[in-house]
Every structure is written in structure tokens, then in C-alpha cells.
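Please read it alongside the sequence and the structure displayed below.

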Amino acid sequence: MSRLFLLAMTLAAPSILIAQATVDSSLVDSTGVRIAPVTVTATRQMTSIFATPMAVTVIGRQAMENKRGYSLDDAVANVPGVLAQSRYGASDIRITIRGFGARGAGDRSNAGTSRGIRVLIDGIPETEPDGRTSFDLVDLAAASRVEVVRSNASALWGNAGGGVIAITTAPEIDGALISAQQMAGSFGFLRTAVQAGTMLGPATLAVTFTNTMQEGYREHSDSRRALVNASLTSPLGKETQVGMFVAAANDLFHIPGPLTRVQAEENPRAANATYAARDERRFNRLGRIGVSLRHSIDETSSVSGMLYINPKILQRSERGTFRDFNRHHLGGNLLYRSSYRLGSTLPASTTFGVDRAQQSGSVLFYSLTEAGTRGSELRDNKAEGAANTGVFISQEIGLGSRLGVDLGARWDQIRYDYRDFINPTLDDERTFSRVSPKIGINYRLAAAHSVYANVGGGVEAPAGNETDPASTFGQDTVRGINPLLEPIHSTTWEIGTRQSIPMNGLFGFAAYDVALYNTEVSNEIVPYRGGRFYFSAGSVRRQGVELSASLLGSDDLEIAGSITLSRNRYLEYAIDSVHYGVPGRLADYSGNAVAGVPSNFYSASFRRALTASIPLVAHVSVRGVGNHYVDDANKVSVPAWRTYGAGLRTTSALPLGRFAVGAFMTVDNIAGTRYIGSAFVNPDIVDGVPVAFEPGAGRSFLFSVSVRAR
């Protein structure tokens, strides 16, 4: 860790460090440069980012424009500490935050889901009670803001709180809004987005519809998704605010599967022959309705609550069977906040909250026909349920005008139940519980300059498909819930600093963010045989440095980027299942690198308006990921890669009668670099060769035209 620290300080020393911006041009007004307040809500307290003792990145609407917007990776790809991988170009992304979520890459229901991190849309959990997150309802066309908490947040959010991504869809409008956007690009990409909004007296109504389809870079990677997202927010008197949020999606994407290293090098556009023959796919139809209410009891205290229901119909072809899932995800929360003084000098505030989420439904497995459709043989008939109850308290104390202390703890209980209607002897139940504490200290050196430190506990229960043992060689049919798994327990120590700086000269504004962390993990959950089986494997240490900064000037001038350096090692890890038929023999992987987590990744970008007479802005970018292992034995690796991008966009919407027109074009992977975009963790070995690699997309073009009523 000492070498990482010295390297971090060396990189942070220059005043023009290239890194990721957390600000946009809204910080610059006609009178000069000003620092606008940046408020954070994903920490469950509405507070300034400079008063938050956690690593947080706020992404505004402008930073998400001029991109495909199909999936969340377009928003978070440049956030330090966050590894976002678009596996096949659809909504099936994989996100890792400081190593949490790394095992969510592989077979067995992992396509289109993430692990270990919590995703919220308008405060409503997209993350299921067991910790899995699907991204069917996430589209950047409807997003007005994204907050990313990189610190361990289990003391606030409970299970799968290794990081938090909070998406806000309700736009800030003061009148009518009507806009339409049409995109077209390489690999058959077509996308239409329509957004409308209006003021209904004091209420704000907004509706976004997107329809996206693509043939895909690889064979058998086509997809299509229609999504509608609506929000209605309104005050009810002076003290009460209510919101209603509705979303629905019809999402189909095919899965080309992994290749061997040789196959990926010879023909990266090919599909895995078995996946294509079985027509492996996900067909998800789901909706969500949520209602939130916030009431100010008086000037110092408030109460808020939220209820939601999220029905799902999920169908898939997977590993030789056709699978029908019917799920009902519902829940809510209740929070009380109060601000007061301890004595006459110490300001303080207390937040107390209760969360409840549960999901249940039927699961039917059928035979698979040669055409990849549902067969007539019912092979499995079961019901799966999960429930998560959490109670937390957070206490903030101000020690003077500059120093703040944040204390808190959360108790979580995660319960699973399994019912098998063909073989009732497999019926099973299991409950996990855990208390996660936290303490944070924040010191404001200036209004827009702070340093912080925190220590926090984390908990992550095994996800549903991990608790359900696969019938590997007919061996694992004794229990309905995997008895070898325990919740992941973690403790994270972190220090960091952030600053926004007004400047004179070419650049009028600078911002940077530096964070160092050390995470100790016990009961690390490890996928085995491509994710067919999971078990707890000893302990892990993750250490890292995250750097981000930006320089912003007039004429759309910006230099920005980010870099993440980390060291991730198994401290204790012994396994016997690699030695079939050799009782008592162990493979000891202690000291090996953690599979699926690169030791470094980075991004950088530069943009500037061409000339005053040409209303165009040009940009260039680079993104890279270091080499890393994808197996615990550290014998199978993904080589490092780097790609470049460039583009042009109009400086602003150009007036055309009653409308304003904007356009942009981008070229990604300009050099057509062949690289591995994602890989299965602990993959299958077929004829002695690992089948792990998912090639990234080649050179691609994207064109967009948008029209907005003036």
C-alpha cells in the first residue's frame, strides 16, 4: 500500500492533473466563475458534498448527453474506483466498485445482473433483497442526475452496500418540455427517445419513452428494449412533498457467450457455438410503481416514507433449459430526521430509518427444443423468496464550523426460503443477520475544500442463484439452499480530500478528488465452474488509490479524466474441489490476486469549441484497463487494453423556427483495437482450455439528431 500511496501523491502533485470532472458548465455564469453548491442525497442525508465523509461522485445531466445512453456504463465509465463493462452492448452491463461485484461475471443467471452494489432509481431500490441488480429499467435518457457512493455504505443501505448508484429521473423544468432524439450507429444500432414535461399548477409531470434496438457487434448479440418512465412530483401544502414514479420495460437480449483465447483472437465477432445453438437469451417484462412522501414536522424535523411494487415476468434459455420466473418485488422505508443542538454550541442531527424489501415468486424449468423454445417436459417446479429488513441510525455532530463527526450503525436480517413442489425434501430456509457500524470525520479547510476519513462495516449476503446449488455431476442435490455460504463481512478504512478551485486565465475552474482505501473482507464468495456453484473462501484484502480532477474554461474547454490503482489479494484461501478423487489434498491460493479485478484502469478526455464562427465542439478520449486474472489459480488472464474515441457536437441547440436542433457524432475504438471487454470468473475448462473471453466491440460510429420545442 505504501507504494500505491507514493505513486498517488506523485500523480496528484501537478496542478493540471488530468482526471474526471464532477462539475459542468453550469458552474460558470455570465459574470465569471462561481462554485455552485453540490448536494448529495445517496448518503440518506441531504448535505453538501464538502460536508460528506465519504467518497462520492455526482454526475450532472450535461455529462450524460452526447452518448448512447442505452445503459448505465455511459454514465459511470469515467468514475474512479468504478469498473463498468458493457458485455454485449445492451443493458447487460457488469459494474464493480472497489472489487465489490466482481463475481457477477459468468454463467448461470449472471448476464444482465450485478452483485454487491446498491442501485436506486428515484430512491426506489432496483437491487433485489438478495443483492442482485438488473438494469432493465435504467436508461440515461430519463436520468437527470446520477450519484455514485464509492465508500462502503452498508451502515446506511444494508445488504449489497459495497457501493451505491442513485439515479434521479424527475427533471427540473419551469414550463413545457418537448424533445425528441434519433440515433443511428454501427452494428445496427437504432434508438429513439422522446421526452415531455409540463407544470400542472405547482406539480411537475415528466414522461420519457425510449425504443432501442441493435444487431450487435458479435453474432447472436442482438437486442431490443422499449422503456417508459414517468414522474409526478408536487407539494401538498407548504410542508409536504409527494412523488409518484412509474416505469415499465420490455427487454430482450441474446447472449453470444464466452470464447477461448484463440477463438477471440481469430474471430472476435463469433458467438459461442453452444450458446447460439440453444438461443441463449433473456426476455424480461417488468414494471414499477412507487410513491414517496416527505413532511416537515417543524423547522428542525421531518419524516419521509416510500412504498413500491415491482412485478416481473422473466423468461430465458439457459444451460439447456427454458426457464419461467414470475417475481413480485415490493417494499418501502420510513425515515425520521431531526436537527438540534447539544448544549448551546454543538449543532447535531439524527436520522433513524427502517427498510423492508421482499421478493417471491414461482420458478418453472422446462426442456429446451432444438429451436431454443420451451419444451413440453417440466423439469423443475419451485418457489423462491427473499426478504431483507434493516434498521439504522445515523448521528451527525458539528464540532465548530469546520469539523463534523458522523456516527451510525445498521442491523440487517436477510431471509431466504425455498420450496420444491416436485421434491419437497429439498424445502429449505436460511436467515443471515449482521450489524454494520460506521464512523466518519470531515474537516472543511474552506467552503469548497474538505478532507475526510471513515471506517465502515459491510455485509453482503449470497444472492439467490448462489444459494441454489447446481447439480454438478449429480452431486449437489441434498440441500435446497447452499449450506457452504456465509455472508461477506468487510471493514473499510478510507481517507480522502476534494476541492473545487476558481482560477484565472485560460482555465477558470479546477476540481479534484483523491481517495485511499483499505478493505478487509472475510467469507469472500467465489464462483466455481463458470458460476455454476459458489462457496465462501477465506479472506481478502483490497487496497486502492482513486484520483480524479478536471480543468474547465470558456469556449467549452475541458480537460478531465480519472485513474484507479489497486492491489487485491486473497489472504487465506484453500480449496479441495480442484482435486477430484484425491481426498485431503488442497490447492492453496493464499497470496494470489483476486479474480476479475484489474489493478489499474483509467480514462481521460479533452474537449474544446473549434472556432467562434463554427458552432461545433470537438472531443477526444482514451480509456484503458490493465491486465488481470480471471481465475483464482492466476493462470488465466485478460491482457491490458486501451481504446480511443473522438466526436463532434453542436455547441448548443441551433434555432429553427419554434424549435431548437442539436446533433452529435462519435467514433469509439478509432483504431479498431481487438480487446477483451469482459470475462467469466473461474471459467469452464473444456478440453483443457478455458472458455472465458467476451470480446469488446470494434470501431463504431454513432450519429444523433435531436429537436426540442423552444
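Which residues are linked in a network of salt bridges? The network consists of Arg98, Arg150, Glu494, Arg498, Asp513 and Glu546. A salt bridge here is a side-chain nitrogen of Lys or Arg within 4 Å of a carboxyl oxygen of Asp or Glu.

The model is predicted, so local features need pLDDT of at least 70 and side-chain atom pairs count only at pLDDT 80 or more, while totals for chains, interfaces and linings use all residues. Residues are numbered from 1 along each chain as its sequence is written, and side-chain values use heavy atoms, with hydrogens and water left out.

**Salt bridges**

Across the whole structure, a search finds 36 salt bridges.

| Pair | Closest N and O atoms | Relative accessible area |
|---|---|---|
| Arg327 and Glu128 | 3.8 Å | Arg327 10%; Glu128 4% |
| Arg261 and Glu265 | 3.2 Å | Arg261 33%; Glu265 48% |

The salt bridge between Arg327 and Glu128 links distant parts of the chain, 199 residues apart: Arg327 belongs to strand 21 (residues 321-342), and Glu128 to the loop between strand 10 (124-125) and strand 11 (133-134). Helices (H or I, at least four residues) and strands (E, at least two) are DSSP runs, numbered from the N terminus. Arg327 is buried, and Glu128 is buried as well; the term buried means under 20% relative accessible area, exposed means over 50%, and partly exposed lies in between (1.4 Å probe, protein chains only).

Arg261 and Glu265 both lie in helix 5 (residues 261-266), four residues apart, or about one turn of the helix. Arg261 is partly exposed, and Glu265 is also partly exposed.

Five strands form an open sheet of mixed pairing, in the order 5-12-13-9-10. Strand 5 (56-60) and strand 10 stand at the edges with a single partner strand each, so one side of each has no neighbour in the sheet. Strands count as paired if DSSP finds at least two bridges between them. Within the sheet, strand 9 (residues 118-121) and strand 13 (residues 164-168) pair in the parallel sense over four bridges. Val119 stands opposite Ile165 in strand 13.

**A buried position**

Ala515, in strand 28 (residues 507-522), is buried, with a relative accessible area of 0%. Residues in contact have heavy atoms within 4.5 Å. Not counting residues up to four places away in sequence, Ala515 touches several residues, including Arg98, Arg150, Glu494 and Glu546, which are also among the members of the salt-bridge network. Tyr452 is another of its contacts; Ala515 and Tyr452 are 63 residues apart in sequence and 9.2 Å apart in space, C-alpha to C-alpha.

**Nonpolar surface patch**

Leu200, Leu232, Met244, Val246, Ile289, Val291, Ile309 and Leu330 make a nonpolar surface patch of about 620 Å². Strand 18 (240-254) and strand 19 (281-296) are the elements that give two or more residues to the patch. Patches are made of residues with over 30% relative accessible area and no salt bridge; like charges are joined within 9 Å, and nonpolar side chains (Val, Leu, Ile, Met, Phe, Trp, Tyr) within 5 Å. Accessible areas come from the Shrake-Rupley method with a 1.4 Å probe, and for residues only the protein chains shown count as cover. Ile309, found in strand 20 (residues 301-318), is partly exposed at 42% relative accessible area.
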